[in-house]
Structure formats: C-alpha cells, structure tokens
Amino acid sequence: MKTPSGLWSTARLLIVVALVATVGGALVGTAVGYGFHYEARQTRNIYLFNNGLDFNETTFGLPHDTFTPDHITVNKGDTVVIHYINIEDKPEKHNFSIGVPYNIDVDVAQGQTAVITFTANFAGIFLYYCKYHTPTMEGYLTVQG
Ligand SMILES: [Cu+2]
C-alpha cells in the first residue's frame, strides 16, 4: 500500500519520537542537575590542628609543621566553621590563609583556638596554608559545586 504524500510514514514517526525523547531527556536531566542538590546546605564544623613531623628542619631546609587534616571537603553554599587549635608546646603562632576569592588570613597563638567562619560560595579546589610554615604546612579545601 502506498503512503499518501503529506503523511508521515511509521519509520519517520519513530525517528522523530526517538529524537524528541533523547533531547527532552537530556534537557530534563540537565535541569535536575542544576536545580537540585542531593544534600541540603549545612554548617560544617571542622577541627583543624597544627601538627609536626619528627625531622631536623635545618638538615632538610624545611619547616616540620603540617596541618591535620590537610584536606577539607564541603559543598557549595555550606557554612564552614573551622575551629583552628594551636597545640604547640612552645610559644609559636600559626596561621590559616586562603587567597582569592575567600581572602582569609587568621593567626592563632599557642594554646588558643581561632574560630573561622565563612560561606563556601565559590566552587573549586583552594590551597590553605600557614604563612609562617610553607611549603609544608598546607592543605586543600575542596568546594563541590
Ligand atoms: Cu604554622
């Protein structure tokens, strides 16, 4: 039987339906990805300490100071509260700095706790460091977008 001209054949109709389903599915999936987060924004309390490795700083030409932890991961939009505790047994200050766009620069003295609060508005991986003990006293803040 001949298909009347002007009407769509079954094959053409199936191709159009398949295209609409594929493109429509991709659009809906993308919209859901942008519109919804699988975890609600929340306050993240992080307890951060200075630490030290047991080596001779003069021999290696490096500070023995480190951060514990040296990786912090949060979601974009979270409120981050860092309780930065200086556990030195001698009078030595440490620092917590992150550059642009967070622009944080906070000192903490021996035996003190600095509470550093900010909103993780920018996604990415950001170096945090003690400006007195680089390059060993460094870590990474990951803000998942
Ligand atoms: Cu330090």
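The protein chain folds into 2 helices and 9 strands. Helices (H or I, at least four residues) and strands (E, at least two) are DSSP runs, numbered from the N terminus. In order from the N terminus, the elements read α-β-α-β-β-β-β-β-β-β-β. This is a predicted model: local features need pLDDT of at least 70, side-chain atom pairs count only at pLDDT 80 or more, and totals for chains, interfaces and linings use all residues. Residues are numbered from 1 along each chain as its sequence is written.

**Overall dimensions**

The protein chain has a radius of gyration of 27 Å, while a compact globule of 145 residues would come near 15 Å. That radius is taken over C-alpha atoms, and the globule rule is 2.2 Å times the number of residues to the power 0.38. Along its principal axes, the C-alpha trace spans about 95 × 35 × 20 Å.

The chain is divided into domain 1 (9-38) and domain 2 (43-144). These bounds come from an automatic or database domain assignment. The two domain centres, taken over C-alpha atoms, are separated by 45 Å.

Buried residues account for 12% of the 145 residues. A residue is buried if 20 or more other C-beta atoms lie within 10 Å of its own, exposed if 12 or fewer, and partly exposed in between; C-beta atoms are placed from the backbone. Among contacts between residues at least 6 apart in sequence, 58% join residues at least 24 apart. Contact means that the C-beta atoms of two residues, placed from the backbone, lie within 7 Å.

Two strands pair if DSSP finds at least two bridges between them. Strands of a sheet pair through backbone hydrogen bonds, either parallel or antiparallel. The table lists pairings from both sheets.

| Strand pair | Sense | Bridges |
|---|---|---|
| S1 (residues 43-52) and S4 | parallel | 7 bridges |
| S4 and S7 | antiparallel | 7 bridges |
| S1 and S2 | antiparallel | 4 bridges |
| S8 (residues 124-129) and S9 | antiparallel | 6 bridges |

Asn45 has Val81 in S4 as its bridge partner. Val81 in turn stands opposite Thr117 in S7. Thr79 stands opposite Thr119 in S7. Phe49 is bridged to Ile85 in S4. Asn51 stands opposite Thr66 in S2.

**The five-stranded sheet**

Another open sheet has 5 strands in the order S3-S9-S8-S5-S6, again with mixed pairing. Strand S3 (71-75) and strand S6 (104-108) stand at the edges with a single partner strand each, so one side of each has no neighbour in the sheet. The twist averages 20° from one strand to the next. Within this sheet, Tyr128 has Gly139 in S9 as its bridge partner.

**The nonpolar core**

The largest nonpolar core holds 12 residues: Leu48, Phe67, Ile82, Tyr84, Phe96, Val108, Ala120, Tyr128, Cys130, Met137, Leu141 and Val143. A nonpolar core is a set of buried Ala, Val, Leu, Ile, Met, Phe, Trp, Tyr and Cys residues joined through C-beta atoms within 7 Å.

Val108 belongs to this core. Leaving aside neighbours within four places in sequence, Val108 is in contact with Tyr84, Asn86, Lys93, His94, Thr113 and Ala114.

**Backbone exceptions**

Most residues other than glycine have a negative phi, and most peptide bonds are trans. Some sites in this chain depart from that. The peptide bond from Val100 to Pro101 is cis, with omega near 10°. Pro101 sits in the loop between strand S5 (94-98) and S6. Asn103 lies in the loop between S5 and S6. Asn103 is not a glycine, yet has a positive phi of about 50°. Asn103 counts as exposed because it has 9 C-beta neighbours inside 10 Å.

The peptide bond from Thr134 to Pro135 is also cis, with omega near 5°. Pro135 is found in the loop between S8 and S9.

Technical notes
Axes are lines fitted to C-alpha atoms, for helices over the stretch in contact, and angles run from 0 to 180 degrees between N-to-C directions.
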